[in-house]
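Subject: Structure handover, with notes on the two ligand sites

Dear colleague,

I am passing the structure below on to you, together with some notes on what was found in it. Please look through the structure itself before you read on.

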Amino acid sequence: MRDNPNIILTPASEFKRAAKQDRFQGHDYYALDELLTTEQKMARDAMREWVRQEVSPIIEDCFEFNKHPLHLFKGLAELGALGPTTPTQYGGVGADDITYGLMMQELERGDSGIRSAASVQGSLVMYPIYKFGSEFQRKKYLPALASAEMIGCFGLTEPDHGSNPAGMTTHFVDGGDCYILNGAKMWITNSPIADVAVVWAKDEAGEIRGLIVDMHAKGASAPEIHGKLSLRASITGELVFEDVRVPKENLLPNVKGLKGPLSCLSKARYGIAWGAIGAGMDCYDSALRYSLEREQFGRPLGGFQLTQKKLAEMITELTKAQLLAWRLGTLMIADKATPAQVSMAKRNNVQIALQIAREARQIHGGMGITNEYPIMRHMMNLETVLTYEGTHDIHLLITGMDVTGLNAFK
Ligand code: TGC
Ligand code: FAD
């Protein structure tokens, strides 16, 4: 549609140009910057600039035509966005959790799918290898993953076990000099392009263990899932294991049980709590700009009380979300954050970002449904973000369990 000469977009394309110029201004209503260190602000600003230069010019096409900009991995690696909190001796940049969060915010301001690529590589592949792996595994995999020489994926969800991963049926048995792995995983970000997968599977005793699986091994495959109307710049697939021989040295030695994968999720969910703010900000920025430039009934849309209500609520919710994420970040740095606190922030911030996208879409009127503006892309992406890493309702039940002490899952 963008190249259709029959469609005249004269006034709106002006707004689009103006909106694009100003999209990255950021909004810091409560002077959050004063709470950040110089290093945190520098990392955020570098990522914002990189997104502006490398992601924004291509992202609408990637989304529309379902293209996966894999070349961006190199830039992400150079900026230290792949496993930012990983110590430098393993190829990371040894950043603190607030720096990590701010990086995710800026990436998701660009696109949730690009943030996803960084989340999976850093929090779901590198983190478990660092946290639960042997020294041999750390040295073999972490530098290669941090530099994007190797791409990883995280296999927890199965076709019949999404919200309830404890029920998984993927399993492995002792095959003498190796383990023999069988089973299937579903909805796995980056699986079709992955060199390695961190796969959670049950051993012969029924205990959940983590395995680092070479995706080039015989019997391992990763068919792509097609037809996604969300996160279209991100590639998603299955993982299928048919008698795959996994070297015994690839078992993660230092964790057993569901707390292994769930603690990786805590790290990634925290990143999403920041990331969603970025998507919300991009929608808000676009809506604010449009409301000041688009006139109806002889005045800018922003001059009507109903539009001001929408904008005022957006910036209020964004500000609350920023403060929630920042405080959670300080708890993460002090190693005091609980999984339930992470759930609250992930759930709240994704929900408000989605609401902001919906309201921003209304402010843009008909133009809001086109890819002249980022709104629908963010909105469609956020539908996935609301669901993955624990659905909106699962996180509500985690909070419910935390405050009542009663487990609604069992
Ligand atoms: P439950 O009995 O509650 O817990 C089992 C053990 O795990 C511990 N635990 C955690 N540990 C660390 N971090 C967390 N967030 C934890 N949550 C629980 C818990 O203390 C216990 O430890 P222990 O020592 O007693 O054994 O487990 P349950 O089976 O009742 O499940 C609870 C429930 C439903 C909350 C959990 O299964 C859950 O969170 N389900 C949602 C599944 C989910 O989030 N899947 C995400 C898949 S990965 C993904 O979506 C990646 S998207 C990638 C991208 O960004 O592109
Ligand atoms: P279900 O668990 O079937 O849930 C369906 C609905 O039922 C939801 O609304 C849920 O909230 C509700 N529900 C379930 N149980 C309860 C309950 N007890 N009480 C009330 N309501 C309930 N997984 C990975 O392992 N690795 C990845 O890299 C990965 N990437 C993904 C990328 C994309 C694009 C998507 C869409 C998903 C990805 N996932 C990944 C999977 C994701 O984590 C799951 O989709 C999610 O956990 C939900 O599982 P499900 O889709 O099977 O839904």
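An oxygen atom of ligand 1 lies 2.5 Å from a polar side-chain atom of serine 116, and please bear in mind here and throughout that this is a predicted model. Arginine 269 also brings a polar side-chain atom to 2.7 Å from an oxygen atom of ligand 1, while an N or O atom in the side chain of lysine 410 is 2.7 Å from an oxygen atom of that ligand. Ligand 1 would expose 1100 Å² if taken alone, and the protein buries 75% of that.

Around ligand 1 there are 26 residues, of which the closest are Ser116, Thr189, Arg269, Glu389 and Lys410. Helix H5 (112–132) and helix H7 (259–293) each supply at least two residues of this shell, and the largest share, six residues, comes from H7.

Ligand 2 is surrounded by 17 residues, the closest being Phe154, Thr157, Ser163, Trp187 and Thr391. A nitrogen atom of ligand 2 is 2.7 Å from an N or O atom in the side chain of threonine 157, an oxygen atom of the ligand is 2.7 Å from a polar side-chain atom of threonine 391, and the backbone takes part through leucine 156, which has a polar backbone atom 3.0 Å from an oxygen atom of ligand 2. Taken alone, ligand 2 exposes 970 Å², and the protein buries 66% of that. Strand S3 (178–189), helix H10 (375–387) and helix H11 (392–404) each contribute at least two residues to the shell around ligand 2.

Two further points concern other parts of the chain. In helix H4 (residues 97–110), 14 of the 14 residues are buried, so the helix is largely enclosed by the rest of the structure. The end C-alpha atoms of H4 are 20 Å apart, which agrees with the 20 Å that its 14 residues should span at 1.5 Å a residue. At the start of H4, the backbone nitrogen of isoleucine 98 has a side-chain oxygen of aspartate 96 within 3.0 Å.

Tyrosine 29 belongs to the loop between helix H1 (10–22) and helix H2 (38–65), and it counts as exposed because its relative accessibility is 61%, where the cut-off is over 50%.

With best regards

How values were computed: Residues numbered from 1 in each chain as written. Chains lettered and ligands numbered in written order. Predicted model: local features only at pLDDT ≥ 70, side-chain atom pairs only at ≥ 80, totals over all residues. Heavy atoms only, no water. Helix = DSSP H or I, 4+ residues; strand = E, 2+ residues; numbered from the N terminus. Buried < 20%, exposed > 50% of the residue type's maximum accessible area, 1.4 Å probe, protein only. Expected span 1.5 Å × (residues − 1). Polar contact = N/O pair within 3.5 Å; in protein donor to acceptor, adjacent residues only side chain to side chain. Near = heavy atom within 4 Å. Areas by Shrake-Rupley, 256 points an atom, 1.4 Å probe, with all protein chains shown as cover.
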